Amino acid sequence: MASESSFDIVNKVDHQEVDNAVNQAAKEISQRFDFKNVDAAIKLTGETIDMQANTEERVNAVLDVLKDKLVKRQISLKGLDADEPKLSGKVYKITASINAGITQENAKKLSKLIRDEGPKGVKAQIQGDELRVSSKSRDDLQTVQALIKGEDLDFAVQFVNYR
């Protein structure tokens, strides 16, 4: 009898890469001519990224620089949750956060997708903020991975613990 193979579907973010992206964005903002004398700044505080500038357009440009740096470091923008610019005193501010983990609602959507469109005999079970997919056939697991990669999900997914 063949043993079951499995993998986990997760949404993880490398916080060191986020920190590197924010530092690169801060360096670029400090050096770019179009950000001179506009009070442009970006900093990472815990789980949030704070951006500011003296106009709404400039603070949105700071956000664009951050997005560019995140993409270059292979961090999905689907996990970036940025607020609308808000006027705070003399500067506009944007607060953004990077979401990690799969919510129960999204895990249920994935599980239903695997049940409905995936191969027969594939089981998906929710384990906290990740989803374990198992089957007797490794080919079926690869089919499920291809199915999920082909879907336009509103959150990032990675496949780990393939055994």
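**Notebook: aromatic pairs, domains and pocket**

I looked up F7 and F159, whose pair is edge-to-face, at 5.5 Å centre to centre and with 85 degrees between the planes. F7 lies in strand β1 (residues 5-10) and F159 in strand β9 (residues 158-160), so this pair ties together parts that are 152 residues apart in sequence; helices (H or I, at least four residues) and strands (E, at least two) are DSSP runs, numbered from the N terminus.

I noted that this is a predicted model, in which local features need pLDDT of at least 70 and side-chain atom pairs count only at pLDDT 80 or more, while totals for chains, interfaces and linings use all residues. Residues are numbered from 1 along each chain as its sequence is written, and side-chain values use heavy atoms, with hydrogens and water left out.

Next I checked accessibility, with buried meaning under 20% relative accessible area, exposed over 50% and partly exposed in between (1.4 Å probe, protein chains only). F7 counts as buried at 0% relative accessibility, whereas F159, at 24%, counts as partly exposed. I then turned to the pair of F7 and Y162, which is stacked because the ring centres are 6.2 Å apart and the planes stand at 25 degrees. Y162 lies in the segment after β9 and F7 in strand β1, so the pair ties together parts that are 155 residues apart in sequence. Y162 is partly exposed, with a relative accessible area of 35%, and I recorded that F7, F159 and Y162 form one aromatic cluster.

**Domains and pocket**

I looked up the division of the chain, which gives domain 1 (5-12 + 102-160) and domain 2 (15-98), the bounds coming from an automatic or database domain assignment. Taken over C-alpha atoms, the centres of domain 1 and domain 2 are separated by 33 Å.

Where does the largest pocket lie? Both domains give residues to its lining, so the largest pocket lies between domain 1 and domain 2. I noted about 160 Å³ of space in the largest pocket and a lining of 14 residues, of which K12, Q74, I75, S76 and Q158 lie nearest its centre. For reference, a pocket is an open set of points on a 1 Å grid over the protein atoms alone, where a 1.4 Å probe fits, with protein on both sides within 12 Å along at least five of seven lines, and lining residues have an atom within 4 Å of a point.

Q74, one of the residues nearest the centre of the largest pocket, has a positive phi of about 55 degrees although it is not a glycine. I placed Q74 in the loop between α2 (56-72) and β4 (80-82), and at 72% relative accessibility Q74 counts as exposed. N37, also not a glycine, has a positive phi of about 60 degrees; N37 sits in the loop between α1 (15-31) and β2 (41-45) and is exposed, with a relative accessible area of 77%.

Last, I looked up V91, which is placed in strand β6 (residues 91-98) and is buried, with a relative accessible area of 12%. V91 and D50 are 41 residues apart in sequence and 12 Å apart in space, C-alpha to C-alpha.

Conventions:
Points joined across faces, edges and corners; volume = space filled by probe spheres on them. Phe/Tyr/Trp six-rings, centres within 6.5 Å; stacked < 30°, edge-to-face > 60°.
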